[in-house]
Amino acid sequence: MSGHSKWKNIMHKKEKTDAARAKVFTKIGKEMAIAVKEAGPDPVSNAKLRDLIAKAKANNVPNDNIDRIIKKAAGADAVTYEEMSYEGYGPSGVAVIVEAATDSKNRTAGNVRHYFDKFGGNLGQTGCVGFLFASKGVIVISELDEYGDKVVDGDKLMEDALEAGAADFLEEENMYTIYTEPDDLTAVSDDLTKLGYTFESCEVEKVPSSYITLTNEDDIENMQKLLDTLDEDDDIVNVWHNWDEA
């Protein structure tokens, strides 16, 4: 969800109800639990956990919640989640990658297949669309504060970001998107945080190499329903696609 669709998705997330925000916290918590199981609870030595902590903070997850999630995941009675990835096509061939963290592979796989079938898409084999995406660290910063006042100087931010090790910098719609190599995300975000910048989002994303524009109203409606339904499923933690919603 990058490029033209990125800002709309961020705004959509910020307008969600408290219940929906709690669901976002749950999804990030699952990702963090898996990271802790894989490489331990210390973010200093666990790069994946460090990146997820940055993602959690950008989504306004309180520090107490983050600490609690990490401690629970490190406990002997923690629920074991398994990472799953699915690839397929939405209406008119929109490429979609679904990432899940689940305690029941059969349930999640059945649900994902049903969602694709229901909304005019089809689930494909692993690798059928993955080649259309590249993993990148993505940091999004708004030029404006909550009152609509300009609080970020784009030229200065670009200079600071590149000095911090960013690979690319994009400006559009009062928004700045900073791209990094996946392994550089934590270092760049830490440097920008120390300089006083706050993030609208900060995570490793799958960024498409090209986008598809839908013109048929039924396809647009079904694509949005597919994304909304995937988002509502607690097992689904990330959905990446190449639909240009502009």
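How many bridges join strand 5 to strand 6? The two strands, residues 168–172 and residues 175–180, run antiparallel and are joined by 5 bridges.

## Basis of the model

This is a predicted model, in which local features need pLDDT of at least 70 and side-chain atom pairs count only at pLDDT 80 or more, while totals for chains, interfaces and linings use all residues. Residues are numbered from 1 along each chain as its sequence is written, and side-chain values use heavy atoms, with hydrogens and water left out.

## Overall form

The protein chain holds 8 helices and 8 strands, taken as DSSP runs (H or I of at least four residues for helices, E of at least two for strands) and numbered from the N terminus. Its C-alpha trace spans about 50 × 45 × 35 Å along the principal axes. Of its 246 residues, 47% count as buried, where buried means under 20% relative accessible area, exposed over 50% and partly exposed in between, with a 1.4 Å probe and protein chains only.

An open sheet of 4 strands has the order 5-6-4-7 with antiparallel pairing, two strands being paired if DSSP finds at least two bridges between them. Strand 5 and strand 7 (201–208) are the edge strands, each pairing on one side only.

Strand 5 and strand 6 form a hairpin with 2 residues between them, and Glu-173 in the turn has a positive phi of about 50°; within this pairing, Asp-168 has Tyr-179 of strand 6 as its bridge partner. Strand 4 (residues 133–142) is joined to strand 7 by 8 bridges, again in an antiparallel arrangement, and Lys-136 stands opposite Glu-205 in strand 7.

## Salt bridges across the chain

The count comes to 13 salt bridges, each defined as a side-chain nitrogen of Lys or Arg within 4 Å of a carboxyl oxygen of Asp or Glu. One of them joins the side chains of Asp-234 and Lys-23 at 2.8 Å, N to O; because Asp-234 lies in the loop between helix 8 (217–232) and strand 8 (236–241) and Lys-23 in helix 2 (residues 18–39), the pair ties together parts that are 211 residues apart in sequence.

Arg-107 and Asp-235 also meet through their side chains in a salt bridge (2.9 Å, N to O), which links helix 5 (residues 105–118) with the loop between helix 8 and strand 8, 128 residues apart. Arg-107 is partly exposed at 36% relative accessibility, whereas Asp-235 is buried, with a relative accessible area of 5%. Both residues belong to a network of salt bridges that also links Lys-30 and Asp-103.
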